[in-house]
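I opened my notebook to look around one protein model, a piece at a time. Come along and check each entry against the picture.

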Amino acid sequence: MAQEVRGVIAPGKDEPVRVETIVVPDPGPGEAVVQIQACGVCHTDLHYKQGGINDDFPFLLGHEAAGVVESVGEGVTDVAPGDFVILNWRAVCGQCRACLRGRPWYCFDTHNAKQKMTLTDGTELSPALGIGAFAEKTLVAAGQCTKVDPSVSPQVAGLLGCGVMAGIGAAINTGNVGRGDTVAVIGCGGVGDAAIAGSSLAGAARIIAVDIDDRKLEKARTMGATHTVNSRETDAVEAIRELTGGFGADVVIEAVGRPETYQQAFYARDLAGTVVLVGVPTPEMKLELPLLDVFGRGGALKSSWYGDCLPSRDFPMLIDLHLQGRLDLEAFVTETIELTDVEKAFERMHHGDVLRSVVVL
């Protein structure tokens, strides 16, 4: 039988979010119903609310989540009721050309639940990133559930479902940061700080955090940054070069998603260095670079989708590192809130007052 639960919806562009009764159907073939225990408030949810992703309102917001599988549909074998899972928004298909070439983190046919959750009047909801986890329960494709050690706190486990994984993966998976490398991270929000933590895990010798907010730069040091640059006061490219012997960083991770900061990243890298774009731009943004500079500087210009992660491989590994005390996921949680506080959390995010607000159910 379908269930009625509370959930946070965005009813229209730039309208305040509100808590509504959500109808969650029983799981069909390949689907699972998950009882949500915690869900981070991510900037992508704000993009949905503002109409920056698409206009398929109303949205059921929330996607950075962890919880317990309540029930599964026909044919589901990887997870079972009672499993503690982190939800992911790139459930790999196993059959596309990327998967068949052994590169499932690039899967070109990721999937979501086929059934729709609705309001009580039958209005279909669009779940954010195919998840919709600002709710007591949600319906997802079973492949979106990654089983991890249940001894970890749900409020930190869920963060791997998006921002923290995106940042760590940008450093380790996409940027291939290695022992002794110099790394610069431009933008020190949740994703940027995770890239700093990932670079530290990988053994980078020098990690330069760049932002315009001294509060964020101070936090970046606690995440592993060895040097900080306030780019409102200092030219970021010149500062990064000065801190790297005049050469530039081996890897520069752009965690803002703007043409201006991308250009800084491009010119702040060493010859044959790597630029990783993990910040998400908006559709109207354009980038202009001299093609001769692209050629002459060599190296690699990469974008990082979800940290190029494979959830089944990366989530359990990072949870284990956290439980061993080697990755402080608790440091990303600024506050815990209730479903009714999501709109206020968006306001605090906009003003840079939090690293992560986490809804606890």
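**Pocket entry**

I began with the second largest pocket, where β10 gives the most to the lining, with 3 residues. This is a predicted model, and I kept that in mind for every entry. I looked up the space in this pocket and found about 330 Å³. Its lining has 17 residues, and Asp78, Ala142, Gly143, Cys145 and Ser312 lie nearest the centre. Two elements give two or more residues to this lining: β10 (145-147) and α10 (311-323). Sorting the lining by type gave me 8 nonpolar, 6 polar and 3 charged residues.

**Cavity entry**

Rolling a probe the size of a water molecule over the atoms shows where empty space is left. I got a count of 1 cavity of 30 Å³ or more. About 30 Å³ of space lies in the largest cavity. Its lining is made by Arg90, Val92, Pro104, Trp105, Tyr306, Cys309, Leu310 and Pro311. I sorted these residues as well: 7 are nonpolar, none is polar and 1 is charged.

**Core entry**

In soluble globular proteins, nonpolar side chains tend to be buried together. Which residues touch the most other members of the largest nonpolar core? I found Leu160, Val164, Ile196, Ile253, Phe315, Ile319 and Phe332, out of 50 residues in that core. Helix α4 (residues 163-174) supplies the largest share, 6 residues. There is also a second, separate core of 34 residues, with Val8, Phe59, Val76 and Val79 among them.

Leaving aside neighbours within four places in sequence, Leu160 is in contact with Ile86, Met165, Tyr306, Phe315, Leu318, Ile319 and Leu329. Phe332 is found in the loop between α10 and β17 (335-337). Is Phe332 buried or exposed? Phe332 counts as buried because its relative accessibility is 1%, and the cut-off for buried is under 20%. With neighbours within four places again left aside, its contacts include Leu159, Val164, Met223 and Leu355. I also noted that Phe332 and Gly163 are 169 residues apart in sequence, yet 10.0 Å apart in space, C-alpha to C-alpha.

**Helix entry**

I turned to helix α8 (residues 259-267), where Thr261, Tyr262, Ala265 and Phe266 are buried. Seen down the axis of α8, these buried residues fall within an arc of 145°, so they line one face of the helix. An α-helix has 3.6 residues a turn, so residues three or four places apart point the same way. The cover over the buried residues of α8 includes β11 (182-186), β14 (249-254), β15 (269-277), α9 (291-297) and β16 (300-303).

In helix α1 (residues 43-49) I picked out Thr44. Thr44 is buried, at a relative accessible area of 18%. Beyond its neighbours within four places in sequence, Thr44 is in contact with Ile53, His63 and Leu129.

**Backbone entry**

Last, I checked some backbone angles. The peptide bond from Phe57 to Pro58 is cis, with omega near -5°, and Pro58 is found in the loop between α1 and β4 (59-60). Asp14 has a positive phi, near 65°, in a residue other than glycine. Asp14 sits in the loop between β1 (3-10) and β2 (18-24), and counts as partly exposed at 48% relative accessibility. Ala272 is not a glycine but has a positive phi of about 65°. I found Ala272 in strand β15, exposed with a relative accessible area of 59%.

Notes. Residues numbered from 1 in each chain as written. Predicted model: local features only at pLDDT ≥ 70, side-chain atom pairs only at ≥ 80, totals over all residues. Heavy atoms only, no water. Core = buried A, V, L, I, M, F, W, Y, C linked by side-chain atoms within 4.5 Å. Buried < 20%, exposed > 50% of the residue type's maximum accessible area, 1.4 Å probe, protein only. Helix = DSSP H or I, 4+ residues; strand = E, 2+ residues; numbered from the N terminus. Contact = heavy atoms within 4.5 Å. 1 Å grid on protein atoms, 1.4 Å probe; cavity = no way out; pocket = protein on both sides within 12 Å on 5 of 7 lines; lining within 4 Å. Points joined across faces, edges and corners; volume = space filled by probe spheres on them. Nonpolar A, V, L, I, M, F, W, Y, C, P; charged D, E, K, R; others polar. Arc of directions from axis to C-beta.
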